[in-house]
Amino acid sequence: CFEFTVLTAARSGEARGALKAEVNFDTKMWIIPDNRMKMDKAHSVPLSDRAIAVLKRAFELAPDSKLVFPNLNSDKPLSDQAFTKVVLRENLNVPYTAHGFRSTFRTWAGEKTKYPREVCEHALAHNIMDSVEAAYARTTFVEQRRQLMQDWADHLKATAQAKKTEALSRQ
């Protein structure tokens, strides 16, 4: 669930509460309904190849749950402390927060890519338009966001591989 959250630049609550019915493997999309979004507006998330692989494994691990990433002891969503306390602090021994990865995504997209600001902000489900601008907005940049999310997944993989190589070279 943590990896999926980082790959999709989602808020942790959105990922922890993800339902299998929200995932469409054919279109490689995750559609989060409005009632689960901070801004009360449905959000479509194009899924990278790695995000799809994570989802398929999650479906295998909990075949009978409606949730994608259930707490296997209770079939309820993981707690809001699951990432910060367990994954980051106890297992990885780092002071990071899950939400910080959204900021990292936005910084990376702004500094290291040429994607327009609107595409990057849509990927984060941010409402950046005033009422006049919103009246003319007719796109959510799905295809551009699809490539952005694949580029993000590729960047994460390359970064992880570089860190692993660096660690091995110090041994």
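**View 1. The largest pocket holds about 850 Å³ of space.** This is a predicted model, in which local features need pLDDT of at least 70, side-chain atom pairs count only at pLDDT 80 or more, and totals for chains, interfaces and linings use all residues. Residues are numbered from 1 along each chain as its sequence is written, and side-chain values use heavy atoms, with hydrogens and water left out. A pocket is an open set of points on a 1 Å grid over the protein atoms alone, where a 1.4 Å probe fits, with protein on both sides within 12 Å along at least five of seven lines; lining residues have an atom within 4 Å of a point. The volume is the space filled by probe spheres set on the points, which are joined across faces, edges and corners.

**View 2. The lining of the largest pocket counts 26 residues.** Nearest the centre lie Val6, Phe101, Leu156, Thr159 and Ala160. Helix 8 gives the largest share, 10 residues. Helices are DSSP runs (H or I, at least four residues), and strands are runs of E (at least two), numbered from the N terminus.

**View 3. Three strands form an open antiparallel sheet in the order 1-2-3.** Strand 1 (23–24) and strand 3 (43–46) each have a single partner strand, so one side of each lacks a neighbour in the sheet. Two strands pair if DSSP finds at least two bridges between them. Asn24 has Met29, in strand 2, as its bridge partner.

**View 4. Leu124 sits in the loop between helix 6 (117–123) and helix 7 (131–136).** Its relative accessibility is 2%, so Leu124 counts as buried (under 20% relative accessible area, 1.4 Å probe, protein chains only). From C-alpha to C-alpha, Leu124 and Val45 are 9.1 Å apart.

Definitions and conventions: Buried < 20%, exposed > 50% of the residue type's maximum accessible area, 1.4 Å probe, protein only.
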